[in-house]
Every structure is written in structure tokens, then in C-alpha cells.
Amino acid sequence: MATLPEQAVDAVGEIFGRHPGHRAVHAKGVLCAGSFTASPAAPSLTRAAHMQGDPVAATVRFSNASGDPEAHDGIPDGRGMAAKLYLQDGTRTDIVTVSARRFFARTPEEFIEFNRTIRRGKGGRPRPDPIRILWYLARHPKAAPAIRALRETKPIPSYARCRYDSLHAFRWIAPDGSSRHVRYSGLPEEGEATISTDEALSRAPDYLRRDIEERFAAGKPIRFTLELQLAEPGDPVDDPRIAWPEDRERVVVGALELTELDTRRERDGDVLVFDPTRVTDGIELTDDPILNFRARAYAVSVERRSGIPPP
């Protein structure tokens, strides 16, 4: 019998098909290189090494949520921005964000159940089964805002014009030992923008990658502000389905600047994994079941796309 991580990867594979050599989801993307620099406000919130003000090198992958690497960029879909930061002591830490503020599942079992409500449609478009979706919502009503947001997703003109959120909360530990739970947002310097599906589908199938390439060729960097939302007592910190109230304090803790394509990673057998559970001293995980499940599911996906067994 398949393990729970195997079932999770199989469930998305039923939607998008299996594509050897590619990720189970977020299969299509582009790698960029740049740096992250923490703001003066960051060191008082966490002792984490990358939040002390010195620039650190970064590899960032923009991606489409689909597991089909050939899907047209114009299909309405979630987007991702995952950053790997290279710390001075030789270790690495990851920040993983997506173009959604809520998730549709509370547990790995719910994740599998939800994905089994989706069928593979024509042209790489997932096709929800209305009856199964209604049954899922009847059993898991707190997933309704996330599912509604999925239905309302619009294409974007550029990865650089999209807001990205962490979904999960993390515990930041300050130098004095105090702590706050936070969620991350990557805010585009150019502002957010969407376009119609018709306009998006009229563009080249890889127009999002081409846009990134053209920006760098013209010497135009891509910049994002990293903003925290700070939880108050009583806010749920282990349930990605539930957004915190909008009036919660927000703090800018850094800036991400991308200046070129990253041609060093994912070459010659290099397997690049962005894992939100890869944290460093000064940042801790919560008991969020989905967050803590991700590394196990990624291990299955990595083995299938690369042949490298999990440790």
C-alpha cells in the first residue's frame, strides 16, 4: 500500500499526468539569481543569520502551479516564488510563497481528498467535479474561501507583477528570546497586475519566461519587498486555510533583488529543492500538519524526477 506522501504525489499526478524529470507540481518555471538584504527592522524580530542586514546570495524560482511542464502560461493558475538563501556559514534556508493567501486543506489527508475531486481536462486545464467539490466543502467548510479564490484566479502579465504569500506561519525568535508568529508576503515593486484569459492565451506559450529574460537582457532588475504579518494571541498559527485579520501589524523586513537568470543550479545532476521547512536558527516551524508534511512529499517527488532516493 502506498504511503501518505506517495498518495499525495499520485493524486496530483492523476490531474496533470506524470512527467519524468519534472516536479509533481510547479513543474514549469524559471530560475533567477540575485540577493536578499534584510531591513533595519528585521534583527529585532529574529536572530536568524539572513535577517541581520548583510546581503546574502539568492536563487529564486518563479513557477506555475500546474504539474504539466508544457501547459500554456496563459491558463489561469496559481503562481509560485521560491527563494533559496545562501548563508555565510555554508548553510541554506528557503522561503516558499505562492499567489494565494489561503490553502484548501488542513491535513495531508484533506489535500489528497481535494485533489481527487479534480480531473484532467483538455489543454492542461484541471477540471473540477462539481459534485465532489460540494461534498468536500460539506465536510470541510473552512476550505471555502481558498476554493473560491482558486476559481477566481486570473492570468498575470509577468511573474514580477504578482504578490506571493507564505500560507504557513513561522515562529520568529528575537535575540532576547521573545517570539512572534509571522506570515510572509512578497510584494512586487512594480505593483500587482492581471490580464484577461483571452489576452494571456493569445501570447506565446512561454511568455512569462520570455518576460523575465527580456527584463534581464535590458538590464532591468526585478525587486520584491518581504513583508511580515504578525499574529496576535488567539490567531490560528497552524491552519493555512484561515487568514489572519487584515488589521494585524505588518513590518517590512527585507528586499529581494534579482538581476539575471541562474544558470548554475539544476545542471549536471544538480537537484534543487525549495522546502519551507528548511529553516535556520531564529526561525521555527509550527505544528501545521501541511507544513510539516511537505518535506516528506517533496522527497517522493524528488526520487521520481531524479532517481535520487530520500535520505
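Which residues have the most contacts inside the largest nonpolar core?

## The main core

They are Phe62, Trp172 and Tyr184, in a core of 42 residues. A nonpolar core here is a set of buried Ala, Val, Leu, Ile, Met, Phe, Trp, Tyr and Cys residues joined through side-chain atoms within 4.5 Å, with buried meaning under 20% relative accessible area (1.4 Å probe, protein chains only). Strand 10 hands over the largest share, five residues. Other elements giving two or more include strand 1 (29-38), strand 9 (179-188) and helix 6 (207-217); helices (H or I, at least four residues) and strands (E, at least two) are DSSP runs, numbered from the N terminus.

A second, separate core has 22 residues, among them Phe103, Ile133, Tyr136 and Ile147.

## Around Trp172

Leaving out residues up to four places away in sequence, Trp172 touches, among others, Leu45, Met51, Arg180, Tyr184, Leu228 and Ile283. Contact means heavy atoms within 4.5 Å.

## The largest cavity

The largest cavity holds about 120 Å³, a volume being the space filled by probe spheres set on the points. A cavity is a set of points on a 1 Å grid over the protein atoms alone where a 1.4 Å probe fits but cannot get out, and lining residues have an atom within 4 Å of a point. Strand 3 (79-86), strand 4 (92-98) and strand 10 (222-230) each supply at least two lining residues. The lining includes Phe36, Met81 and Leu256.

## Model notes

This is a predicted model: local features need pLDDT of at least 70, side-chain atom pairs count only at pLDDT 80 or more, and totals for chains, interfaces and linings use all residues. Residues are numbered from 1 along each chain as its sequence is written, and side-chain values use heavy atoms, with hydrogens and water left out.

Conventions:
On a 1 Å grid over the protein atoms alone, a cavity is a set of points where a 1.4 Å probe fits but cannot get out, and a pocket is an open set with protein on both sides within 12 Å along at least five of seven lines; lining residues have an atom within 4 Å of a point. Buried means under 20% relative accessible area, exposed over 50%, partly exposed in between (1.4 Å probe, protein chains only).
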